[in-house]
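Open the model in your viewer, keep the sequence panel beside it, and follow the selections below in order.

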Amino acid sequence: RGNFQLVTKAGGNRLSGSAYFYLQNKALNSNEFFLKESGNEKPQADRVETGFTIGGPIIKDRFFFFGGYQYTKADTGL
């Protein structure tokens, strides 16, 4: 599956961007109160999201580019 988005944005004459990383792991999650009381183990909830954005000039003061990428891997145990 994929997702394509087209965004218009005012550009700048500097190269700039961002990067991010998100981790959710069963070993790091706490158990819910009622699951623990009933003797059930924590639900499977593993998720990794990482990505970046980058933008800058192609032609100074005239034409700019901006792009991004995100990778998501999720395992909910269902």
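Select Leu-15, Phe-52, Ile-54, Ile-58, Ile-59, Phe-63, Phe-65, Tyr-69 and Tyr-71 and show their surface: in this predicted model they make a nonpolar patch of about 900 Å². Strand 2 (46–59) and strand 3 (63–75) are the elements that give two or more residues to this patch. A patch is built from residues with over 30% relative accessible area and no salt bridge, with nonpolar side chains (Val, Leu, Ile, Met, Phe, Trp, Tyr) joined within 5 Å and like charges within 9 Å. Accessible areas come from the Shrake-Rupley method with a 1.4 Å probe, and for residues only the protein chains shown count as cover; a salt bridge is a side-chain nitrogen of Lys or Arg within 4 Å of a carboxyl oxygen of Asp or Glu.

Residues are numbered from 1 along each chain as its sequence is written. Because this is a predicted model, local features need pLDDT of at least 70 and side-chain atom pairs count only at pLDDT 80 or more, while totals for chains, interfaces and linings use all residues, and side-chain values use heavy atoms, with hydrogens and water left out.

Next, centre on Leu-15, which lies in the segment before strand 1 (16–24). Leu-15 counts as exposed because its relative accessibility is 60%, where exposed means over 50% relative accessible area, buried under 20%, and partly exposed in between. Across the 78 residues of the protein chain, buried residues make up 5%.

Select the three strands to see an open sheet of order 1-2-3 with antiparallel pairing, a pair requiring at least two DSSP bridges. Strand 1 and strand 3 stand at the edges, each with a single partner strand, so one side of each is left without a neighbour in the sheet.

Move on to strand 2 and strand 3, which run antiparallel and are joined by 13 bridges; there, Glu-49 has Thr-72 in strand 3 as its bridge partner. In the hairpin of these two strands, with three residues between them, select Asp-61, which takes a positive phi near 65 degrees.

Finally, colour by pLDDT, the predictor's confidence in each residue from 0 to 100: the protein chain averages 83, and 90% of the residues score at least 70. Confidence is lowest in helix 1 (residues 33–37), at a mean of 79, and highest in strand 1, at 93.

Conventions
Helix = DSSP H or I, 4+ residues; strand = E, 2+ residues; numbered from the N terminus. Buried < 20%, exposed > 50% of the residue type's maximum accessible area, 1.4 Å probe, protein only.
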